[in-house]
Amino acid sequence: MADAKPTTFTLSCPVPRVADDRIVLAHGGGGRLTHQLIEKIFLPAFANAALEERHDGAVLPIPGLRAGSRLAFTTDSFVVRPLIFPGGNIGDLAVNGTVNDLAMCGARPLYLSAGFILEEGLEMETLRTVVSSMREAAAKAGVKLVTGDTKVVDKGKGDGIFINTSGIGVIESGLANSFERAGLQPRHQEQKETGALALEERPAISPSAVQPGDAVLVSGDLGRHGIAILSVREGLEFESPILSDTASLWPAVEALLNAGIEIHCLRDLTRGGLATTLNEIAGDRDVCIKLEEALIPVDEVVQGACEILGLDPLYVANEGRFAAILPEAQAAAALDVLKKVDVSRDSVRVGKVEAAPGRTVVLHSRIGGNRVVDMLSGEQLPRIC
Amino acid sequence: MKFLSEYRDQKAAEQLADAIGKKTTRPWTIMEVCGGQTHTIVKSGLEDLLPREITLVHGPGCPVCVTPIELIDKAVSIAQRPEVIFCSFGDMLRVPGSRKSLFDVKAEGADVRIVYSPLDALKLAKTNRDRQVVFFAVGFETTAPANAMAAWQADHDGVENFSLLVSHVLVPPAMEALLSSDHCVVQGFLAAGHVCTVMGFEEYLPIAEKYKVPIVVTGFEPLDILEGILMAVTQLEEGRQEVENQYSRAVRREGNRPAQERISEVFEVSPRQWRGLGEIPASGFQLRGRFQKYDANLRFPFSGEPGRESPECIAGLILQGIKKPHECPAFAVKCTPENPLGAPMVSSEGACAAYYHYGRRQTHDVHAELPSPASR
Amino acid sequence: MCLAVPGRLIEIIDEGDVAFRRGKVDFGGIRKEVNLAYTPEAEVGKYVLVHVGFAISVIDEAEAQRVFQYLRELGALKEELGEVPQ
């Protein structure tokens, strides 16, 4: 009897329970309970003029938008398991992840949307925690959450919470957009005495700008997010716990832009870690990226966790780290700027771009040999973000 | 990390490589037995530091790789039973069977779980009394003490819903089989350091003497392997054929006696099929005496269709060091970690996996294009 | 499969039969519970080599220094012979 599948219809009680402690299907129905959820949980957290309109869509002013400006638009979904981990939860990732995708385009992040898919039976307390984290992360990142959606799926058909966030940002005038760049040579003016290019002259920040001779920097030590997640899944005990590095990277990018540093490419190092990101770039541009193992920053405890779990830190996910590829002549100045910003205070140079062998990332090992750093095969760590 | 990081020191590595270079006057072929050593070599680009006269060949030291295909098929068939929770080390999941791998049946709904220790599997049996928990006990002698303990504790605690599918293989018989083959090109061995931590190295003395090969018990860090090579080359140059212990911080001549005693209590030596190499007498372990009740082979009858290997997989030649992975026509073309034709491409200790991940390709040997450190 | 990692023993939990003797081992900041049945001589503060949840050897700290001692001598020998130091 217990295993009998429902046949033609399912009975449900017509009187909605005032379900305070858990999500029920009716929360996704669009009726009273949905309304309650929005009014009690989402609106108070993200209070802003656009949301308060309670309209189907948000109509928004774009500060800084003028002739020559460009919009950046991105979307990302978050299915991390466990929902809550040392250093954060799925809410932090959902905000910072999308903020960072905008930042990697050189765009000032402005607005986010959030779509929630909740599983029947989810504890309301968990939802509150996640939403509260999103509010804090959004405030810190300087973004407003202006529109959203909620659906509820049957118990067993979801995993607590799935979140999709889309984001809009503005790229100040002068940086050509990716459509314009395709097929065009970058416009460089003669470098002035400072060596820095003015805003109007800089080419777009995108992998297509990467060239042999460029320097490769990373904004901090690797592997914290992945290990924080695994520490829960594997029940690892730490003397002092490793926390996820989830954070907004915009302050670091903004500092680089304001200092007039010419940047060729910015990429955050999420799934698949530094190795995957650099492989994508090397593949796209048919270049060789050469890394110095001795220079790659990994915290001792993170390294230890990787040893025990048989992981390579180069492939472990980060949620608050990025790689910057820029002209060699700008590397020192860029590091100076980055180190003054909290989220990138441990920035360091890790390698350089060369012409050959193409489509390859090579590591010069600590003991002086060379090896290729390949693309990740299969899923090393599922549901990491 | 202490007793790990120091053995990755660049200066020390250069000094050892320099010493090897000075010692070497003629070509020598040395085999490192254990897959873990193969991975360190390829991952650190260690061969770049060696003089051209030294050729390293990779041995059959990958228990995942040598597990017979019939046993994979049996594991898959057991895992598909609804009452079974099938536990295994992560490596075994993607090893191809005749038709499916454990990973395939897991995706189809079988309860297959990755564990890090056989005691984890035993714990699952205790907390899931209504299920049959089966642990895929694969490994060299290194893992035998752990598996023996799992069986012993199960017996001690009266756990009945637990069993082991055993695929233990022993190193010395494999080395002998290799050495007695006509194709053998190996002149010196780096023996598996962790196997010897458990078993000691006395059983290698008759091998060194009979086949006239130096055998150096070696660790797994770059400095260990470089020192092991130095010791082997020194013996070869001086015409000695002894057993030496490089990994003396962990290995004693007699090995770990309590571990050996527990192994003898639970297991007995038996003939074993080695995937790619054929049957080698007295080269495996099977459960004995009162522990036979935990033998999954006996508990789960199996129709036993003969296994079907991919005709293109040359794992046997790879495991004997006769061919290198990038010399296989299917390597990185038809055979990749996502679609492996054989075991060495999926195991974390497999030579093909090491070559694939660290950049050796067949048509495009990237490694060959890399600038090597200034030659000596 | 032969992955064994050294760690420092920080606590021992005895529980009747030696087969159940356990300990807490610190791997550079990560603590794991390890079965100590096969290293009855292991003491708190010593380093053990751990494989699939079992300590299989106590690290001999004097032997661990051996290769570095050899390299020091090698270096000293080079200086003695007047070779250019690396």
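These notebook entries record what I looked up in a predicted model.

**Entry 1. Confidence in chain A**

I began with pLDDT. Chain A has a mean pLDDT of 86, and 85% of its residues reach 70 or more.

**Entry 2. Domains of chain A**

I next took up the domain assignment of chain A, which gives domain 1 (25-171) and domain 2 (202-372). The C-alpha centres of these two domains of chain A lie 27 Å apart. In their contact, domain 1 of chain A takes part with 20 residues and domain 2 of chain A with 22 residues.

Which elements of domain 1 of chain A give two or more residues to the side that touches domain 2 of chain A? I found helix H3 (90-103), strand E4 (108-119) and helix H4 (124-141) of chain A. H3(A) has the largest share of that side, with seven residues. Sorted by class, this side of domain 1 of chain A comprises eleven nonpolar, six polar and three charged residues.

**Entry 3. Helix H8 of chain A**

I checked the length of helix H8 (residues 273-285) of chain A. At 1.5 Å a residue, its 13 residues should span 18 Å, and the end C-alpha atoms are 19 Å apart, which agrees.

**Entry 4. Chain A against chain C**

I turned to the contact between chains A and C, to which chain A gives eleven residues and chain C gives nine residues. On the chain A side, strand E8 (237-238) and helix H9 (300-309) each give two or more residues. The largest share of the chain A side, six residues, comes from H9(A). By class, I recorded five nonpolar, two polar and four charged residues on the side of chain A that touches chain C.

I also looked at strand pairing here. E8(A) is joined by two bridges to strand E3 (residues 30-35) of chain C, and the two strands run antiparallel. Which residue in E3(C) stands opposite A:Glu237? I found C:Arg31 in that position.

**Entry 5. Domains of chain B**

Last, I read the domain assignment of chain B, which gives domain 1 (24-311) and domain 2 (315-363). The C-alpha centres of these domains of chain B lie 19 Å apart. I noted that 28 residues of domain 1 of chain B are in contact with 20 residues of domain 2 of chain B.

At least two residues of the side of domain 1 of chain B that touches domain 2 of chain B come from each of helix H2 (35-43), strand E2 (54-61) and helix H3 (63-66) of chain B. H2(B) gives the most to this side, with six residues. By class, I recorded 13 nonpolar, eleven polar and four charged residues on this side of domain 1 of chain B.

Notes: Residues numbered from 1 in each chain as written. Chains lettered and ligands numbered in written order. Predicted model: local features only at pLDDT ≥ 70, side-chain atom pairs only at ≥ 80, totals over all residues. Domains from an automatic or database assignment. Contact = placed C-beta atoms within 7 Å. Helix = DSSP H or I, 4+ residues; strand = E, 2+ residues; numbered from the N terminus. Nonpolar A, V, L, I, M, F, W, Y, C, P; charged D, E, K, R; others polar. Pairing = 2+ DSSP bridges. pLDDT = per-residue confidence, 0-100. Expected span 1.5 Å × (residues − 1).
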